[in-house]
Amino acid sequence: MAIEITRLFDFPYYQLENYNLEKAFISKSSGSWQSITTQEYINQSNQISRGLIKLGVKPNDKIAVISSTNRTEWNICDIGILQTGAQNVPIYPTISEVDYEYVLNHSESIYCIVSDEEVLNKVNLIKKNTKLIDVFTFDDIKGEKSWNEILELGKDESLQNVVEDRKNNVKEDDLATLIYTSGTTGKPKGVMLSHKNIVTNVLSSEKRVPLDNGNSKGLSFLPVCHIFERMILYLYQYCGVSIYFAESIEKLSENAQEIKPHVMTAVPRLYEKIYDKIILKGETLTGIKKALFFWAVNLGLKYEPNGANGWWYEKQLGLARKLIFSKWQAALGGELKLMVSGSAALQPRLTRVFAAAGMPIMEGYGLTETSPVLSVNDQRNKGFKIGTVGKVIDGVEVKIAENGEILAKGPNIMQGYYKDPERTANVLKDGYFYTGDKGEIDSEGFLKITGRTKEMFKTSGGKYVVPPLLEGELKQSLFIEQAMVIGEGEKMPAAFIQPNFEFMKEWIQHKHLNIGTSNEEIAKSDIVIKRIQQEVDKCNKNFGKWEQIKRFELTPEVWSIEDGHLTPTMKMKRKIIKEIYKDLYEKIYRE
């Protein structure tokens with residue numbers, strides 16, 4: 001009987017029936033790729049379910065999973081937990097111990113499974129303040145309980161009838177997971193997503209992803225605790241894609257060359273880094289090679305989909321792909337047919353140049369609360385438009401409120417915020433989810449994001465400024481890695497700018513400038529400040545006088561997740577950045 005997918009744990013069984021992969025999940029261990037089959041995936045998931053039942057796990061219990069990297073074990077535990085009727089509470093590994101304690105207590109998690117010693121140490125610091133009965137580890141750590149102990153408990157197959165009974169009692173509208181958003185302000189919110197929320201989102205999103213089902217390889221490295229990558233992993237399972245887990249972001253290119261993926265997902269910041277590295281390599285070339293390289297890049301920056309630039313452009317593009325862009329493809333394995341981007345706005349130059357290079361990035365849009373996809377571009381059938389986040393997916397309704405806010409309705413909209421009816425009522429009204437983002441839908445049905453209602457501010461002169469638009473423009477510069485526009489209630493907009501130190505060091509060397517190459521020396525250099533002023537002036541030309549950045553200060557630190565500048569999905573924590581650089585703020589507005 002054909003398997004109908006209504007719950008998340010139906011995906012592995014659907015894969016077994018339709019593809020029965022020899023390599024379902026592949027992780028690197030001790031220098032070699034280790035794979036498991038679809039059948040082994042199911043067998044081990046059932047073992048986890050039986051083991052958890054022996055440990056006393058009941059329906060609606062919460063089990064936290066914290067992993068520093070994506071790995072096969074995470075997915076086995078995910079299905080194993082869900083089959084018992086319990087809920088998986090994935091936690092970002094990079095948050096503070098205080099936030100660990102808050103999430104574990106707020107969710108009332110009774111068990112926790114962690115990946116490695118670093119995460120374990122953080123959990124152990126606060127474990128006594130929580131309801132945790134036990135902590136298990138994926139890595140073998142001396143003196144600690146291993147997840148293998150749960151597998152061992154589950155070897156007793158006599159409990160499988162209990163597992164089947166538990167599965168049969170899980171309904172599509174039941175809660176599947178609590179995902180705590182890495183809020184840019186305040187305490188994390190526990191987003192309640194049901195099986196139906198995520199399953200319907202997978203099935204609708206699949207129609208936009210051109211994969212060779214049963215024969216494709218995907219490379220996964222975005223944190224699986226984030227709903228974007230987690231939904232993608234279910235989608236891969238549904239499409240019979242062999243899932244390879246990158247060892248780390250640093251080893252992304254190396255791993256891609258080893259496995260030759262056909263598809264991968266990332267956030268804009270990572271595509272920016274890949275692009276910057278490629279451009280840096282181009283800068284080191286000389287003579288005709290350099291001229292050809294930048295001819296190809298400039299050609300790519302003019303790219304339009306569907307042959308809109310005409311036959312002569314397409315002819316030149318074919319040559320550029322052969323001579324230059326094929327090398328870009330080789331750096332990521334040479335087989336990449338599709339990249340997907342979400343979580344933040346993607347700069348149009350990146351969309352253009354990667355599409356020109358034959359590795360198109362399909363930008364989408366959504367939130368944790370929407371499971372997550374609301375819209376996504378699709379190369380086929382003229383469904384790809386640069387500067388937009390694509391057309392709304394099937395089964396979902398999006399409308400624009402009078403104030404420009406994007407409102408969404410559909411089976412993918414969350415059940416609410418856990419234990420927080422007040423916050424839930426603020427965003428769920430008349431069946432619509434109020435996203436907090438501003439947008440517009442064009443005559444062809446493409447959705448364009450124009451700003452975030454919470455990020456807009458008024459200057460003291462009463463003029464509105466939309467920081468993300470200015471920041472996106474600034475970050476198109478190779479000299480600028482991060483920028484945050486400030487000025488709420490002040491007489492003018494200004495900005496904190498983190499230079500692209502890696503590029504700056506190359507630039508200083510290349511120009512033979514008499515500047516020290518430490519981050520502090522670069523940020524204080526008059527030559528650097530003047531050069532970045534040129535980039536700010538260039539950005540300002542695209543905006544009205546009231547919006548233009550009148551002053552800026554450079555920061556010597558690299559903005560990071562660890563130091564609190566960024567959320568785990570690389571969004572800026574505006575309040576915290578403003579607090580970190582309050583001296584620079586005073587310098588801009590009070591001196």
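Helix 2 and helix 7 (residues 160-169) pack with their axes 9 Å apart and at an angle of about 95°. Helix 2 and helix 7 are therefore roughly perpendicular to each other, a term for angles of 65 to 115 degrees, where under 35 counts as roughly parallel, over 145 as roughly antiparallel and the rest as oblique. The axes are lines fitted to C-alpha atoms, for helices over the stretch in contact, and the angles run from 0 to 180 degrees between N-to-C directions. Helices (H or I, at least four residues) and strands (E, at least two) are DSSP runs, numbered from the N terminus.

Please keep in mind that this is a predicted model, in which local features need pLDDT of at least 70 and side-chain atom pairs count only at pLDDT 80 or more, while totals for chains, interfaces and linings use all residues. Residues are numbered from 1 along each chain as its sequence is written, and side-chain values use heavy atoms, with hydrogens and water left out.

Which residues bring helix 2 and helix 7 together? Asn46, Ser49, Arg50 and Ile53 of helix 2 meet Gln160, Val162, Val163 and Arg166 of helix 7, contact meaning heavy atoms within 4.5 Å. By class, 3 nonpolar, 3 polar and 2 charged residues make up this contact. Here Ala, Val, Leu, Ile, Met, Phe, Trp, Tyr, Cys and Pro count as nonpolar, Asp, Glu, Lys and Arg as charged, and the others, Gly among them, as polar.

Helix 2 (residues 38-54) also packs with helix 1 (residues 10-18), at an angle of about 150° and with the axes 9 Å apart. That makes helix 1 roughly antiparallel to helix 2. Pro12, Tyr13, Gln15 and Leu16 in helix 1 touch Thr38, Gln39, Tyr41, Ile42 and Asn46 in helix 2. This contact divides into 5 nonpolar and 4 polar residues, with no charged ones.

Now to helix 17 (residues 501-510), where Phe501, Phe503, Met504, Trp507 and Ile508 are buried; buried means under 20% relative accessible area, exposed over 50% and partly exposed in between (1.4 Å probe, protein chains only). Viewed down the axis of helix 17, the buried residues fall within an arc of 155°, so they line one face of the helix. The arc is that of the directions from the helix axis to the C-beta atoms. Covering these residues are, among others, helix 11 (268-283), strand 26 (494-499), helix 18 (519-524) and helix 19 (526-540).

| Residue | Backbone value |
|---|---|
| Asparagine 60 | phi near 75° |
| Lysine 260 | phi about 55° |
| Histidine 512 | phi near 55° |

Asparagine 60 lies in the loop between helix 2 and strand 3 (62-66). Lysine 260 sits in the loop between helix 10 (252-259) and strand 12 (263-266), and at 37% relative accessibility it counts as partly exposed. Histidine 512 follows helix 17. A cis peptide bond, with omega about -5°, joins serine 371 and proline 372; proline 372 is in the loop between strand 14 (361-366) and strand 15 (373-376).

Is isoleucine 386 buried or exposed? At 14% relative accessibility, isoleucine 386 counts as buried. Isoleucine 386 is in the loop between strand 15 and strand 16 (391-392). Apart from its neighbours within four places in sequence, isoleucine 386 contacts Tyr303, Glu304, Pro305, Pro348, Thr351 and Arg352.
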